[in-house]
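Take a look at the model below.

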Amino acid sequence: MREAAVVVQPNPLQRIPGVAIVLVLLIALFSAIAPGFLSVANLSNVLVQSTILTMLALPMTLIIMTEGLDLSMGAVLTLTSLCVAIVSLATQSMLLGLGAGLLVGAAFGILNGWLVAMVGIPPFVATLGTLGMAQGLSLIVSDGQSVVGIPHSVRDIYSATLLGVPVPIVMALVTYAAFHGLLYHTRFGTYIFALGGNREALRYAGLSPNRLLIAVYAIGGAMAGIAGLLMTARMNSGHPTAGLGLEFDAIAAVAVGGTSFERGNGWLLGTVLGVIAVGVLRNGLNLISLPSSVQVASVGVLVIVALFLDGLRSRA
Amino acid sequence: MTDITKDAIAPPRSFLSQDALQVFYRLLAALLICAVLAVLSDSFLSLGNILNVLRQASLTFFIASGLTLVVLTAGLDLSVGANVALSACIAGTVIHKTGSPALGILVGLACGGIVGLLNGVMVTALRIPSFIATYGMLWVLNGLTYWYMAGETLHGFPAGFRQIGSGYLFGLPIPVYLLLVFLGIGTAFAQRTVWGQEIYAIGANPVAARLSGIPVARRLLLVYVVSGTMAGLASIIFLSRLNSAEADIGESLTLPAIAAVLIGGTSLFGGVGTVFGTFIGALILTLVLNGMNLLSVSANWQPLVTGIIVILAVWLDMKTRRRAQ
């Protein structure tokens, strides 16, 4: 099993150019045309704002490696963010809020995984259905209104620092380390490579691909729960459209980062660089006063270009 | 998705074979929902409400009918809602600027068609999986529409133009006549033309279709253009019914359209389904949402219910197909 995984692991020399070139070009472009882009304050701002996306994009990488997709992530994040807000408001406890977010997120993840693995519904439709469900539940629990007045303990998470490093960045780094360890240094990680690359092999090895798939989607849901806490802390409220379209930025980051949609290999560091590329793109367009609508459209173009290049490479 | 060979043996189903039975079940389900709603709500059986249901169903049907062809090829078009919004905003601007509804309608249809063409190019020439390509397109269109409108709302169109969406002819809403026309055209195209049958063949087994000389790429392109143009048509009806255009009108349209296609019995795996089934699907979905409305369930529940219906519809489809095998 170990050897098989090594074979499908990405060739870094082939990968690094793609996403690194995109990132360098974007940084060079905005350094030239966007005043204030290269300041320390702005760059650290980009990094802090990228933390929520990192927490979605890392599990999205695993899901896409299994030839899956999770369109519900943004909507689930909205719902978990509201759960964090409502529960922490009611109990004045940050941990109970986080627990509620994790629970709801993981429940949606398990539902996604169950629909994909056990029922056999194509991932993009199964998660489109749960997207509607999470969106509906968000409207129902919030009655379409913002949840305000959340306790300080939640708010402080986004603004506090640990040894001079903002806590969101610490959380993102810990998440990355955990995912890196999980994917590259555990048996479970090897199985994830096999889920996309050679599912039959798993079955012959006596493993249940279905249970593994459910676990992968459950991780995605749980991470949406943690990201929901950050989102609530960042907005200082729960809002029924907070995560709208975030799954798209996550998919964009994974695609730009060089994880293939069809071959079951993925590259976590590439995804992180992809997240930063999306963050730089949005921040730079914002600095030259282009509206968020143009940012959305340009991320869309970025995805299509990245997928086109991915298609070229897979045929090469 | 790799067991396409199993389906390849079954010929494209004609209207009267097993599909007739599937459609019959769905009609029965629609009638059952009607009966339940008639018992639960006094106002359900009023003429006004029934005409309202038909009009709503026709709006969903226009988007869903084009989408049906896409799903028949085992593809998906997630950009239809965003396409409706962009086409409506551009058509509305043209009508405001030129005062000519005819020109606006043409531009709206063309805009929808061009978006469909771009989707088709991404799927055929660039070989991006359709759900990802059209999902990217969704956000590109959303961004364009919000940027173009810049928070403005277009309001107030000529009375003649508004007749299209809100007028009546012999007591029936005009969209219902349009629905009948496009139901006829769509059914005839899919069941009775060579191109239509080729679309079924591509969905059932793309490799066999290519080997038997069907120009797969050109037919796929056609299917996405039709889907986009139907979204353009829906945008005109919306514009004329709402008498206004805003950037966000498309956001709640895609999921219901997909739901209508799937409830109607069109299989996500391609090659199985009918345009008439999609009409029944649109009717069932509208009845459910209308019933919730009549029973004064908050509109906040609609996405939840639509999402559950999408999943149930796919689940049922897979179950019946498994049993058939």
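This is a predicted model. Start in chain B, with helix H3 (residues 47–72) and helix H8 (residues 174–192). Their axes come within 9 Å and cross at roughly 35°.

Which residues of H3(B) meet H8(B)? They are Leu54(B), Arg55(B), Ser58(B), Leu59(B), Phe61(B), Phe62(B) and Ser65(B). An α-helix has 3.6 residues a turn, so residues three or four places apart point the same way. Keep that in mind as you read the numbers again. From H8(B), the partners are Pro175(B), Val176(B), Leu178(B), Leu179(B), Phe182(B) and Gly186(B). By class, this contact has 9 nonpolar, 3 polar and 1 charged residues.

Stay in chain B and move to helix H9 (residues 194–204). Is H9(B) mostly covered or mostly open? It is mostly covered, with 8 of its 11 residues buried. Among the buried ones are Glu198(B), Ile199(B) and Tyr200(B). Gly203(B) and Ala204(B) are buried as well.

Now turn to chain A. It holds 14 helices and 2 strands. Its radius of gyration is 19 Å, close to the 20 Å that the globule rule gives for 316 residues, so chain A is as compact as a globular protein of that length. Its C-alpha atoms fill a box of roughly 55 × 45 × 35 Å along the principal axes. Buried residues make up 53% of the chain. Consider its contacts between residues at least 6 apart in sequence: 80% of them join residues at least 24 apart.

The largest nonpolar core has 205 residues. Leu56(A), Ile63(B) and Val310(B) touch the most other members. Helix H11 (residues 209–235) of chain A gives the most to this core, with 15 residues. What does Leu56(A) touch, leaving out residues up to four places away in sequence? Its contacts include Met73(A), Leu77(A), Met223(A) and Ala227(A), and also Glu247(A).

Finally, see where the two chains meet. Here 37 residues of chain A are in contact with 34 residues of chain B. On the chain A side, helix H5 (94–119), helix H6 (123–142) and helix H14 (292–315) each give two or more residues. H6(A) gives the most, with 14 residues. By class, this side of chain A divides into 25 nonpolar, 11 polar and 1 charged residues.

Technical notes. Residues are numbered from 1 along each chain as its sequence is written. Chains are lettered from A and ligands numbered from 1 in the order in which they are written. This is a predicted model: local features need pLDDT of at least 70, side-chain atom pairs count only at pLDDT 80 or more; totals for chains, interfaces and linings use all residues. Two residues are in contact if their C-beta atoms, placed from the backbone, lie within 7 Å. Helices (H or I, at least four residues) and strands (E, at least two) are DSSP runs, numbered from the N terminus. Ala, Val, Leu, Ile, Met, Phe, Trp, Tyr, Cys and Pro count as nonpolar, Asp, Glu, Lys and Arg as charged, and the others, Gly among them, as polar. Axes are lines fitted to C-alpha atoms, for helices over the stretch in contact, and angles run from 0 to 180 degrees between N-to-C directions. A residue is buried if 20 or more other C-beta atoms lie within 10 Å of its own, exposed if 12 or fewer, and partly exposed in between; C-beta atoms are placed from the backbone. The radius of gyration is taken over C-alpha atoms; the globule rule is 2.2 Å times the number of residues to the power 0.38. A nonpolar core is a set of buried Ala, Val, Leu, Ile, Met, Phe, Trp, Tyr and Cys residues joined through C-beta atoms within 7 Å.
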